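Q: Could we go through this structure together, beginning with the terms?

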Amino acid sequence: MKTKLRGADVVAQSLERLGCSRIFTLSGNHIMSIFDAILETKIQLTHVRHEAAAVHMADGWGRVTGEPGVAMVTGGPGHINALGALFAAQAAESPLVLLSGHAATWELGRGGFQEIKQADMAKPVTKASWTATSTAALGKDIGEAFRLAREGRPGPVNVSLPSDLLDETVGPDEVVWPEVPGSIDGGEIEAAVADKILSAIASSERPIIFAPPALSSVDGRALLKELEVATNAPAVILESPRGTADATLGAFADLVQSVDLVVLLGKALDFTTRWAAAPHYRSDVRLVVVDPDPAMVGRAMNEVGSRVLVGCVADTKVAARTLIARASSLALRSSDWLKRARSALDDRPAEWTSVSSSTEGRLHPVEMLRVLRPYIDGDKDAVLVSDGGEIGQWAQSILPCRRRMVNGVSGAIGSSLSLAIAARYAEPKAPIFTVIGDGSLGFHLAEFETAIRCRLPFVAVVGNDGCWNAESQIQLRSYGPNRMHNMDLTPARYDLVVEALGGHGEFVDRAADFPGALDRALASGKPALINVMIESIAAPTIKLTV
């Protein structure tokens, strides 16, 4: 063992002790000592083309594995570039640790190189953000960041690492090494409180359980299915900025108007739930609020007052397991309401099975996704990443997938290529598809070079309508067809760009050609992009048919 350790060595070894096997990063002056220290560990670096992409990849790793993804960027502009992606990860409730290089402590307040108030800038989009102050305590800082990222409502944590602390040396016996975390289950829910919640569900005619993005994992969805069966109440994840109007949920926005009890199981009362207020809900709808964050319980109680029957602070998964375990002792209603709700959630227009484009050289989004669906259905471990405005909603509505990542409650677009790269690291064999719009693709198209360099195959299906369609639809609805402007993009050959980078490209402007393009893309074993020319059509709005 070295007689002296640099701060950079402490950071690298602490990450290894905590189980970190990969860091998504973009290099820069302030963090080069950590790059050097990583050589003495088994940690692998994925070097990306933009700092936001590194954070999106760490976000994807956290969502797929449940363990904190780690991103590392340099200070100043590198840190600033990462902030927008932190907002997306925060809204997705993804466990993530961002390590940012930082100006040296002796430079602060003196106009140091790339000196800015990094911790303050990151605070609004993280669970916690601070600047390290001691070389010996760097391991403790890293361990605390991992703990905070995982516990309660998961989310991103940022630690800024001053360059002089990384270069300073300390003896191994001076280092405060991080504690290896055990179970992350948080606060219990008392049996009496659980029984009160179950009693409220049992006495309601049309209850619903709203779950948070943190439960959109495979394990989370399985847990919610158990809870749904145990309570005969539909359990619905709200992970889209369109909330209950998310096309994933079919005609549920109509059905929700009749519910008489909303159980917020770790789901914040916010715009996605439409604040459980009229006219979207009955004026007398009651609520149960279970949340790991006391502030969220308090906010809900302040918002709706006496309509809250139960409000308690508890870990979301622990509460769900307790409710499942105790539900068998109570008499619950028949499953008629659950069947009706599930029918609404699964409702899709019959014409989608045969709809086709009316424009030569363009596919209707449904045509494109109808062809893609068997490829996803054919492998239970397939991963779907859905990104973009209107095309993202079409994909989420038509392509059911147990392993799915969407661009999330933040409404931010452009993350899908990075999420797919992270998914490929976590899932080395199953097919990975991303459906993305041409507008979203432009944010991080250069990450195809990352995927090609790192030999990480996936298939990106680009719905190319040559415009910012979500915004053009807003113009159409709000201002009329004569005031639609400045939303055009070129019908660019993105497939040729990917080919030039060393990947596999396909161009499709006829539905009959799409299956062959998919087969060739998968067989190529390369990162692939299929450029599908589509019509500009608004995202689906599904209404109850019964």
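A: A polar contact is a pair of N or O atoms within 3.5 Å; within protein, one must be able to donate a hydrogen and the other to accept it, and residues adjacent in sequence count only if both atoms are side-chain atoms. This is a predicted model, in which local features need pLDDT of at least 70, side-chain atom pairs count only at pLDDT 80 or more, and totals for chains, interfaces and linings use all residues. Residues are numbered from 1 along each chain as its sequence is written, and side-chain values use heavy atoms, with hydrogens and water left out.

Q: Which side chain makes a polar contact with the side chain of Asn531?
A: That of Asn464, at 3.1 Å.

Q: Where does Asn531 lie, and is the residue buried or exposed?
A: Asn531 belongs to strand β19, residues 528-533. Helices (H or I, at least four residues) and strands (E, at least two) are DSSP runs, numbered from the N terminus. Asn531 is buried, its relative accessible area being 0%. Buried means under 20% relative accessible area, exposed over 50%, and partly exposed in between, with a 1.4 Å probe and protein chains only.

Q: What does Asn531 touch?
A: Leaving aside residues up to four places away in sequence, Asn531 touches Val462, Asn464, Ala492, Arg493, Tyr494, Asp495, Glu506, Phe507 and Val508. Contact here means heavy atoms within 4.5 Å.

Q: How many salt bridges does the structure hold?
A: There are 27. One of them joins Arg6 to Asp36, the closest N and O atoms being 2.9 Å apart. Because Arg6 lies in strand β1 (residues 5-6) and Asp36 in helix α2 (residues 32-38), the pair ties together parts that are 30 residues apart in sequence. Asp36 is partly exposed, at 38%.

Q: Which residues are linked with Arg6 in a network?
A: Asp9 and Asp36 are linked with Arg6 in a network of salt bridges.

Q: What separates Arg373 and Asp377 in helix α14?
A: About one helical turn, because they are 4 residues apart in that helix, residues 365-377. Arg373 forms a salt bridge with Asp377, with the closest N and O atoms 3.1 Å apart. Arg373 is partly exposed at 34% relative accessible area, and Asp377 is partly exposed at 45%.

Q: Changing topic, where is Glu360?
A: Glu360 is in the loop between α13 (336-346) and α14. Glu360 is exposed, with 82% relative accessible area. Glu360 and Ile534 are 174 residues apart in sequence, and their C-alpha atoms are 9.9 Å apart in space.

Q: Finally, which residues line the largest cavity?
A: Its lining consists of Arg63, Ala91, Ala92, Pro213, Ser216, Glu239, Val406, Gly408 and Val409. A cavity is a set of points, on a 1 Å grid over the protein atoms alone, where a 1.4 Å probe fits but cannot get out; lining residues have an atom within 4 Å of a point.

Methods:
1 Å grid on protein atoms, 1.4 Å probe; cavity = no way out; pocket = protein on both sides within 12 Å on 5 of 7 lines; lining within 4 Å. Salt bridge = Lys/Arg side-chain N within 4 Å of Asp/Glu carboxyl O.
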